[in-house]
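Please keep the sequence and the coordinates open while reading.

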Amino acid sequence: MAVSWYGEAEFWFASLKIIAIIGLIILGVVLFFGGGPKHDRVGFRYWKTPGAFAEPYLVPNRNSSRFLAFWTALIKSGFSFIFSPELITTAAGEATSPRRNIPKATNRFIYRLFAFYILGSLVIGIMVAYNDKNLLQGVASGESGAGASPFVIGIQNAGIEGLNHVINAAILISAFSSGNSWVYAGSRTLYSLAREGQAPKIFTKCTKNGVPYYAVLVTWAIGLLSFLNLSSSGSQVFYWLTNITTVGGFISWVFVGVAYLVRKPY
């Protein structure tokens, strides 16, 4: 399909995701001040008992345990946003009025990062303790949907019924959105590499609408590796793949920062 279909689909997917996360952040604020059905003011209760850090983690030493826990969390969370700025620039070649729209979207990224990731993480820390039995059971059983979501567990602990189905729908929409975005980004990156002679030339073949269909098919096929997560042993391989990808993204950002610092003035 033409890229306009991608843009239209991503607009609606992203809009629903934004509405969902804003709603959850507002809900977290309401529960913080005791506005739930139980009128239980949560506040920063879970930051004190059992605490903000799960200890011990990997090693018995308290400071080392916190240090390793922080870096593990950074890598796990980095996977979800490390490549987002690149996605904006990837779309520049097929966007309408890129000189106006791309800088606008790029400048707004930092605000989205703060609102959705930092505030979202803050709300999770307020709503659920790290040793909550439902959270631990969800992780141990390999639940990948709303059953393991700390948002859902916090909602259930607050006595709110029916909202878990809404969160399940939001998670499903987020999965579609993620697949939609990264099939686009991966295929266009492969197409660009082929144009520069760093990948087989077959990936430069396009439809009359300008879609590099061989690159799209190969990118989509690699996505089938996600089915590794359906087995307990395969999930370990999947975690390794996500960790390698995230660390690779961090390394790219380091080089971008170094290039920025040592750039020569025109």
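In this predicted model, His 39 counts as exposed because its relative accessibility is 64%, and exposed means over 50%. The residue sits in the loop between H1 and H2, and although His 39 is not a glycine, its phi is positive, at about 55 degrees. Most residues other than glycine have a negative phi, and most peptide bonds are trans.

**Backbone features**

Leu 58 is another residue that is not a glycine and has a positive phi, here of about 70 degrees. Leu 58 lies in the loop between H2 and helix H3 (62–78), and it is exposed because its relative accessible area is 66%. A positive phi is also found at Gly 159, which follows H8 and has a value near 85 degrees. Where does the chain have a cis peptide bond? The bond that runs from Thr 49 to Pro 50 is cis, with an omega near 10 degrees, and Pro 50 itself belongs to helix H2 (residues 45–51). The backbone angles discussed here are gathered below.

| Site | Angle | Value |
|---|---|---|
| His 39 | phi | about 55 degrees |
| Leu 58 | phi | about 70 degrees |
| Gly 159 | phi | near 85 degrees |
| Thr 49 to Pro 50 | omega | near 10 degrees |

**The chain as a whole**

The secondary structure of the protein chain consists of 11 helices and zero strands, so that its pattern, read along the sequence, is α-α-α-α-α-α-α-α-α-α-α. The C-alpha trace spans about 60 × 45 × 40 Å along its principal axes. The protein chain has 266 residues, of which 25% count as buried, and its accessible surface amounts to about 17,600 Å², with 68% of that area belonging to carbon and sulfur atoms. Among contacts in the protein chain with a separation of 6 or more, 59% are between residues 24 or more positions apart.

**The largest nonpolar core**

In soluble globular proteins, nonpolar side chains tend to be buried together. In this model the largest nonpolar core has 15 residues, and Met 127, Phe 151 and Ile 155 are those with the most contacts inside it. Helix H1 (3–32), helix H6 (109–127) and helix H8 (150–157) are the elements that each give two or more residues to this core, and the largest share, five residues, comes from H1. Which residues does Met 127 contact, leaving aside its neighbours within four places in sequence? Met 127 is in contact with Gly 28, Leu 31, Tyr 46, Phe 151, Gly 154 and Ile 155.

Rolling a probe the size of a water molecule over the atoms shows where empty space is left. The second largest pocket has a volume of about 340 Å³ and is lined by 15 residues, with Met 1, Tyr 6, Asn 180, Val 183 and Val 216 lying nearest its centre. H1, helix H9 (163–195) and helix H10 (213–222) each supply at least two residues of the lining, and H9 gives the most, with six residues. By class, the lining of this pocket is made up of 11 nonpolar, three polar and one charged residues.

**Individual helix residues**

Is Thr 246 buried or exposed? Thr 246, which is found in helix H11 (residues 232–262), counts as buried because its relative accessibility is 0%. When residues up to four places away in sequence are not counted, Thr 246 touches Ile 75, Gly 78 and Phe 79.

Pro 103, in helix H5 (residues 98–107), counts as partly exposed because its relative accessibility is 38%. Pro 103 and Thr 89 are 14 residues apart in sequence, and their C-alpha atoms are 9.2 Å apart in space. Pro 85, in helix H4 (residues 84–90), touches Phe 109 and Trp 253, again not counting residues up to four places away in sequence. Pro 85 and Gly 234 are 149 residues apart in sequence, and the distance from C-alpha to C-alpha is 30 Å.

Note on methods
Residues are numbered from 1 along each chain as its sequence is written. This is a predicted model: local features need pLDDT of at least 70, side-chain atom pairs count only at pLDDT 80 or more; totals for chains, interfaces and linings use all residues. Side-chain values use heavy atoms; hydrogens and water are left out. A nonpolar core is a set of buried Ala, Val, Leu, Ile, Met, Phe, Trp, Tyr and Cys residues joined through side-chain atoms within 4.5 Å. Buried means under 20% relative accessible area, exposed over 50%, partly exposed in between (1.4 Å probe, protein chains only). Helices (H or I, at least four residues) and strands (E, at least two) are DSSP runs, numbered from the N terminus. Contact means heavy atoms within 4.5 Å. On a 1 Å grid over the protein atoms alone, a cavity is a set of points where a 1.4 Å probe fits but cannot get out, and a pocket is an open set with protein on both sides within 12 Å along at least five of seven lines; lining residues have an atom within 4 Å of a point. Grid points are joined across faces, edges and corners, and a volume is the space filled by probe spheres set on the points. Ala, Val, Leu, Ile, Met, Phe, Trp, Tyr, Cys and Pro count as nonpolar, Asp, Glu, Lys and Arg as charged, and the others, Gly among them, as polar. Accessible areas come from the Shrake-Rupley method with a 1.4 Å probe; for residues, only the protein chains shown count as cover.
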